[in-house]
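Hello,

Here is the structure for your files. My notes on it follow below.

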Amino acid sequence: MDRPRLKAHFTAQVVDGSKVFLLAEGQHYLIQGTGTAEVLPYLDGRHTVADIAVALSGKLPLMQVLTAIRKFDAFGHLADGRPDWPEHTLAYWDAQGLDPEKVRVSLADTEFTVTGAGADPGTVIAQLREHGLRVRQVDLAEAADPSGALTLVVVNDYLDPALERLNTAYLAAEHPWALVKPAGMTLWAGPVLQPGRTGCWSCLSQRISGNRQVERYLAGKLGTGGTPVHPSRESVPAGPAIAGGLLAVELARIAATGAPSRLEGKMTTIDLRTLAATEHTMVRLPQCAACGEESLITERSPKVVLTSRDARHVTDGGYRIEPPSQTYDRLQKHISPLIGAVTRLHTFAEYDNGVTYSFTAGHNFAMVGDNMDLLRRNLRGQSGGKGRTEVQAKVSALCEAIERYSGVWRGDEPVREAAYADLDPAVAVHPESLLHFSPGQYAGRDAWNKDPGHRLHLVPEKFRTDLPIDWSPAWSLTDERERLVPSGYAWYGHPDLERHFYCVGDSNGNASGNSIEEAILQGFCELVERDAVALWWYNRARRPAFDLDSLRDPYVDTLREFYRRMGRDIWLLDLTTDLGIPAFVGVSHRVGHPVEDVIVGFGAHLDPRIAAIRTLTEVNQFLPSVERRDDAGETIYLDDDVATLAWWKETKLANEPWLVPDPSLGTRSLADHPLSGGDDLAADVETCVAKARACDIEVVVLDQTRPDLELSVVRVIAPGMRHFWRRLGAGRLYDVPVALGWVPQARTEDQLNPTSVFF
């Protein structure tokens, strides 16, 4: 080092004549010893080492001068020479640990191109140039012919159709580019799109489009095309200046170091109202038609192969191959209101009580058609998550939202179009074996569907066997062969339902997991749970209590005491059916008040302990909706659904004895439900299939996993098993309760519970 210079970002302070403190943002160092204070004034990049030695020859021997200089250099506090740059600029590059002279050369040798798509790039360009960057402005036509180190596209909307042409050109040329939206109340900067390393604009636009449900609805309704463009109208001069300055710093660093951008595959937003900056992760879609392989979806085999896996985590969340904290860490990057598969994740409760945990997650739920009611339900729709711990509840909500996202029809899934009458009935699953509506329900559907309180219990049109529809290939785990299931039943938003409304899309049997075995087990247990609830609810069958003391779980004791302090009681009923898989309902009501606010929750699992805990945590999930009180002690409800409010306000246990334990049936305990799984997830799934087969029930699985998400998602379908929504056709709903001795004889349709499940 010829002309040593203390790096410009340091402020030096000398104490006691021999201690030199160096201060910088987030840093502080102490250099001490003989000569350190004396050499400090000469460390300005203008004096050579020899100059310093001569200047201090009357005070210090040569070796002490050299030793003092080496102390500064040993910790990386010195640079060589003094470039003719402003002090603040020099300090900036020194703080980055970069040689300013090399930075100067790199900035001079690196050119960036900038263009605008629906936006004026002038202010952004001015900011880049003010920071010493070489910039060439081009129009959109020129921008399609890539040049420079990187192309920056200034837009008013990330879904501007002009960007598709640029995406195609840059993918072909393997040219990096970046987007910035400097207008609006929230500024968007990035991501940098690097072909081969990140996703492309098409990947990005698919996520953005799915999160613009209102714009998507309007585009379809008004016939303006399917792209939900929404340019920003708000703008202040500071917006482009802030966005341009932010990108100038990043592009300068890229030019100076050659390192990948920190915005590569990431987008930063700045809310001008709150000044909050948020980072959003862009996820590449391996199945993207522009930059990936569509065949990952279009040619996916329906065959499901089970693989032996240990269930290492066995708590209230079910049998899992990893703890929920690891799952959350892996999946949280998918949460973003702008470019996420999940728009949001937040607690449902007003405060953390340390006992009950419930979270909600928003859906990225792309609209199909112009159904206003569906739009309203999508906007209000949210996935719920529960658990005995906060992280379990978060993961539960997050995974359920990903299930919904994965179950949306996007048009790239493999299907076969045919009328049922033209298919082999041994291969195609008839919708009536899945829906179970009665002739009376079909006959009265028009009047029934007009009631807003029946939104979950709409009766569709009678299925037409002569009308061609889409069929999705699925896999029968029972018979180890391919089956065809109606696509309108299996996927959300399938266009078949616009011309033939033969079913209502629902989530029954939809499930996710860290592996496909996890997901199938979860999905089948949900079918068992809802089937058991339907048999109990509509028959109003009296059932025995389940002894919570038999769980010997401190959490359960804490939970019951928590409910008692709230003035509520809580208990479980055993709903286990002919399938032999433990299933329970939890019931809680407000004690000593004319409005009882009865809440219920359900659970089923091979492991009776897990089934019971899941039931309790599902009751907890509803608690925030009824726990608030006004000054008069009346409930402040968090839901305005007609049917739900009617249930909470009007249900009286004295009038509904089927909600309380039947003392004549005794009390069931953990000992009455031997454990039948847990060692191997594949074996657990096979156990479920065997139990279903013994009841003449087939188990069919449709794999809905998306390659862009690190989560397996399936739709488990079991023809004959019942949904807990109001489906009153013949079958298990009438036969099984009699066979099990729940009721003395089969009810008639008119004798069934007139109140439908309200969620």
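To start with a charge over a ring: R715 lies over the face of Y489, 4.6 Å from the ring centre. The criterion is NZ of Lys or CZ of Arg within 6 Å of the ring centre and within 35 degrees of the ring normal. R410 lies over the face of Y405, at 4.3 Å from the ring centre.

Some ground rules. This is a predicted model, where local features need pLDDT of at least 70, side-chain atom pairs count only at pLDDT 80 or more, and totals for chains, interfaces and linings use all residues. Residues are numbered from 1 along each chain as its sequence is written, and side-chain values use heavy atoms, with hydrogens and water left out.

Next, aromatic pairs. A search of the whole structure finds 23 of them. Rings of Phe, Tyr and Trp (its six-membered ring) pair if their centres lie within 6.5 Å; planes under 30 degrees apart are stacked, over 60 edge-to-face, and the rest tilted. F463 and Y502 have ring centres 5.3 Å apart and planes at 70°, so this pair is edge-to-face. It links distant parts of the chain, 39 residues apart: F463 is in the loop between α18 (445–449) and β19 (469–476), Y502 in the loop between α20 (496–499) and β21 (510–513). Helices (H or I, at least four residues) and strands (E, at least two) are DSSP runs, numbered from the N terminus. Both F463 and Y502 are buried. Buried means under 20% relative accessible area, exposed over 50%, partly exposed in between (1.4 Å probe, protein chains only).

F622 and F759 form a tilted pair: 4.7 Å centre to centre, 55° between the planes. F622 sits in helix α23 (residues 608–622), F759 in the segment after α26 (732–739), 137 residues apart. F622 is buried at 16% relative accessible area; F759 is partly exposed at 22%. Both belong to one aromatic cluster, whose members include W536, W537, F602 and Y637.

Strand β24 (residues 583–590) runs antiparallel to β25, joined by six bridges. Two strands pair if DSSP finds at least two bridges between them. F584 stands opposite G603 in β25.

Last, I636. This residue lies in the loop between α23 and α24 (642–650). I636 touches S625, R628, R629 and D630, not counting residues up to four places away in sequence. Contact means heavy atoms within 4.5 Å.

Best wishes
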